[in-house]
Every structure is written in C-alpha cells, then in structure tokens.
Amino acid sequence: MLRREPWHCPCVAYRARAMMEPAEGKVARGCRAVLESEARSRPLLRPRNEQELLSYIRDESEAGRLSPSIASGLEELYHNYRHAVLQSGNPNASKIILSNMAVVFDRILLDVEDPFTFSPHHKAIREPFDYYMFGQNYIKPLVDFRRSYIGNITLFDDIEEKLKQGHNIVLVSNHQTEADPAVIALLLERTNSYIAEKLVYVAGDRVITDPLCKPFSMGRNLLCVYSKKHMNDDPELAEMKRRSNTRSLKEMATLLRAGSQIIWIAPSGGRDRPDPVTGEWYPAPFDASSVDNMRRLVEHSSFPGHIHPLALLCHDIMPPPPKVEKQIGERRKIAFHGVGISVAPELNFAEVTAAIENPEMAKEVFSQAVYKSVTEQYAVLQSAIHGYQGLNASNSAISLSEP
C-alpha cells in the first residue's frame with residue numbers, strides 16, 4: 001500500500017522568521033504556507049514504486065476528487081517522462097523518475113484541491129516549498145548536456161553586469177516549449193545564476209490555467225498576458241482579456257521604472273511549430289507591434305535599456321501539438337535531447353532605422369532585424385545539435401560553448 005504521511009510545514013524556521021516581520025510581510029510571505037497547510041486534506045505522496053503511484057491517481061479519480069481528464073493526463077505524463085529519462089542512460093533513472101513524478105503529482109493534486117490564482121505580475125514562489133527548484137529538478141533529467149550549447153556566453157556576463165548597475169534588459173526570443181524557462185535557467189545556472197533566477201517571463205494564459213502546467217509556472221517570475229492567438233477563442237471573454245493585458249502592461253512599466261529588470265518575451269505570440277510539409281522547425285514570425293511595445297516601454301523607463309535577440313532550441317524535449325489548440329489540456333510528449341540558447345549583441349532602434357522616416361515602416365524594419373538575428377542564431381544551434389557539428393558550428397558572430 002502507498003505510504004501516507006501527515007502534512008507538516010517543511011519550514012519551521014520560516015514561520016519563526018515570519019513572526020518577527022511586519023504584518024504586511026507576514027501576509028505576503030505566509031499566505032501560501034497557510035493555504036498549503038489548511039487545504040491539504042490528503043497525505044503527502046510517498047510511493048515505494050510505480051504501481052503505488054499510479055494506483056493513487058486512479059483511486060483519487062474513482063473517488064471523484066480528480067477529473068478523468070486530469071487523471072488520464074497524469075498517467076500519460078508519467079509514462080512519457082519515464083520513457084524519456086530512461087533514454088538518458090542514467091544509472092539512477094528509476095529513482096529519479098519515481099521521486100520527481102511523486103512531487104509533480106503531489107503539487108498538481110494540491111492545486112486541484114486549492115487552485116492557485118496568478119496575479120498580473122507573479123513572483124516565483126520559493127518558500128515554504130521551492131517551486132523554482134521543483135521545475136529545475138523535473139526538467140534537468142531530460143537535458144542531454146553533452147549535446148547542449150550556449151551561444152555568446154560572454155554577453156550574458158555583460159548583461160548581468162548591466163543589471164547590477166540598474167539597467168533594464170529585454171530578451172526578444174522565439175518560444176518552443178512549456179519548458180523554455182527551465183531550459184534557459186539550467187543552461188545558465190552555473191555561470192549566470194543571477195540571470196536565471198531574476199528573469200521575468202511574459203507568459204500566456206495557458207501556462208497559468210492548465211492543471212498540469214500551473215505548478216511549474218508558480219516557480220517563475222511571470223507577467224501574465226493573453227496571447228493574440230487565443231484572444232477570441234471565446235468572444236464573450238475577449239474584452240476581459242484585453243483589460244487584463246492592459247493591467248499587465250502597466251505592471252511591466254512599473255517594473256521597468258524601478259530598474260534592474262530582465263524580461264523575456266516571445267513576440268510570435270506562441271510556440272514555434274514544424275513546417276507541415278518538411279517537418280523542419282524555424283522560429284515563428286514576430287509581431288512587430290509586440291516588439292515595438294517593448295521597445296517603447298524600455299525607452300520610457302528611468303534607466304538605460306537594452307534589447308537583445310535570443311534564440312532558443314529545445315523543441316525535442318517537449319514539443320507542442322502540431323497545430324494551435326483552443327482547448328486546455330494538451331498531450332505532453334517528452335524526450336531526452338540536447339538543447340541550446342544563444343544571445344546576440346543589443347540592437348539599437350535609432351541605429352537600425354536611421355534612414356527610415358515612416359514610423360510604421362521603422363517599426364517593421366526593427367522587428368525584422370531582431371527576428372533575423374534570432375533565426376541566424378537558431379541556425380547555428382541547429383547545426384550544432386541536429387547537425388552534430390557541436391562547437392564547430394560556431395562562426396564569427398556566434399561563439400558556442402558547453403554549459
């Protein structure tokens with residue numbers, strides 16, 4: 001039988017420290033601890049084997065505490081994750097799979113009992129449960145670090161130095177998987193952990209509403225927006241979504257006015273998809289208005305701002321559905337594979353558009369310049385990882401290194 005242990009707050013020291021804080025601090029820091037301790041009507045999962053873990057999910061579903069769709073999604077997630085981690089050849093794979101999936105199931109079931117609501121600007125929850133490390137530990141066994149690369153690592157050092165001087169940084173990137181934040185953080189954690197943990201991601205509503213995705217999102221700094229691709233999925237909600245996006249933009253402006261912010265945004269409005277004919281993956285085109293909105297927000301802050309194109313290649317470990325889906329609850333395919341990120345020198349709007357007088361044309365030209373840089377970096381990562389060229393894929397503009 002599954003071992004069941006009563007719930008105890010994992011951080012007594014946290015509670016003691018909170019007692020000495022002002023009332024506002026206690027509410028802000030302690031609310032999640034209270035929610036977790038009061039809402040947990042079931043014991044912590046301590047499965048001894050795969051059968052115990054999966055039988056618990058079935059029992060929860062049969063008891064009506066878990067919907068059939070979530071239960072089947074969890075079982076599928078387990079089997080796909082198990083297959084992927086076993087591909088790694090790690091001698092401890094079986095222990096890693098059981099341990100990680102038990103925590104995943106526990107966090108998802110807790111959120112089903114007591115759903116967490118994200119604010120427009122969500123700050124990563126690091127205590128009493130560290131959702132950031134939870135996400136890192138889950139994705140790490142899926143990354144083949146022997147075939148993973150970072151482009152222009154010295155630029156990340158420059159970016160970190162600018163952040164500490166009060167500058168704002170915007171990383172304009174393509175978007176490939178739900179695991180993008182963890183991939184970025186894992187590749188940077190040894191050299192630039194400051195960036196990895198400080199990054200704020202502009203996130204679509206699906207990663208904060210899908211039950212299988214929410215716990216991972218709780219460990220990231222997020223600015224929550226509704227993607228244009230899903231703005232009119234339900235016409236009755238379209239106006240509410242627009243108002244919510246306006247609030248998020250105001251939050252972003254407030255952050256940038258404070259300085260020392262690093263924000264990641266994917267102006268494509270969604271994840272990259274393979275070409276339906278060739279099956280080749282490329283960064284999805286950028287929306288020029290999204291790029292320009294970020295550019296203007298950076299320029300109107302009180303601190304120096306820098307826009308850097310960032311390329312990300314990680315679709316193999318958790319590819320999205322072939323087509324954009326309206327319904328929440330996509331199937332999760334998972335694999336063990338190499339990944340890569342690359343950053344380029346900043347692009348200056350005034351310099352890129354110096355010869356253009358028409359403002360609308362200037363907006364398009366700048367967006368295309370950023371996109372061109374991302375696709376060029378992506379091509380190098382693709383050659384290194386899928387073309388098996390490794391470090392030899394480097395060129396005069398993009399120098400690859402191993403994490």
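**Notebook: rings, strands and one valine**

I began with Val365, which I found in helix H14. I am working with a predicted model, where local features need pLDDT of at least 70, side-chain atom pairs count only at pLDDT 80 or more, and totals for chains, interfaces and linings use all residues. Residues are numbered from 1 along each chain as its sequence is written, and side-chain values use heavy atoms, with hydrogens and water left out.

**Entry 1: Val365**

Helices here are DSSP runs of H or I with at least four residues, strands are runs of E with at least two, and both are numbered from the N terminus. Is Val365 buried, partly exposed or exposed? I noted a relative accessibility of 29%, so Val365 counts as partly exposed. The cut-offs are under 20% relative accessible area for buried, over 50% for exposed, and in between for partly exposed (1.4 Å probe, protein chains only).

Next I looked up its contacts, meaning heavy atoms within 4.5 Å. Leaving aside neighbours within four places in sequence, Val365 touches Val352, Thr353 and Ile356.

**Entry 2: charges over rings**

Phe349 came up again here: the charged end of Arg295 sits over its ring, 3.7 Å from the centre. I found another case in Lys164, whose charged end sits over the ring of Tyr194 at 5.0 Å from the centre. The rule asks for NZ of Lys or CZ of Arg within 6 Å of the ring centre and within 35 degrees of the ring normal.

**Entry 3: ring pairs**

Rings of Phe, Tyr and Trp (its six-membered ring) pair if their centres lie within 6.5 Å; planes under 30 degrees apart are stacked, over 60 edge-to-face, and the rest tilted. How many aromatic pairs did I get by this rule? The count is ten. In one of them, Tyr131 and Phe134 have ring centres 6.2 Å apart and planes at 85°, so I wrote down edge-to-face. Tyr131 and Phe134 are three residues apart in helix H6 (residues 131-139), so about one helical turn separates them. Both Tyr131 and Phe134 are buried.

Phe286 and Tyr371 are edge-to-face too, because their planes stand at 75°, with centres 5.1 Å apart. This pair links distant parts of the chain, 85 residues apart: Phe286 is in the loop between strand S8 (262-265) and helix H12 (288-299), and Tyr371 is in helix H14 (residues 359-385). Phe286 has a relative accessible area of 10%, so it is buried. Tyr371 is buried as well, at 17%.

I also saw a cluster: ring pairs link Tyr81, Phe129, Tyr131, Phe134, Tyr138 and Phe216.

**Entry 4: the sheet**

I looked up the chain's elements and found 14 helices and eleven strands. Nine strands form an open sheet with mixed pairing, in the order S3-S7-S6-S8-S5-S9-S10-S4-S11. Two strands pair if DSSP finds at least two bridges between them. Which strands are at the edges? They are S3 (121-122) and S11 (400-401), each pairing on one side only. Strand S6 (residues 200-203) pairs with S8 in the parallel sense over two bridges, and Val200 has Ile263 in S8 as its bridge partner.

**Entry 5: cysteines and totals**

I found zero disulfides (pairs of cysteine sulfur atoms within 2.5 Å). Cys213 is buried at 5% relative accessibility, and Cys314 is buried at 0%. Last, I noted that buried residues make up 52% of the 403 residues in the chain.
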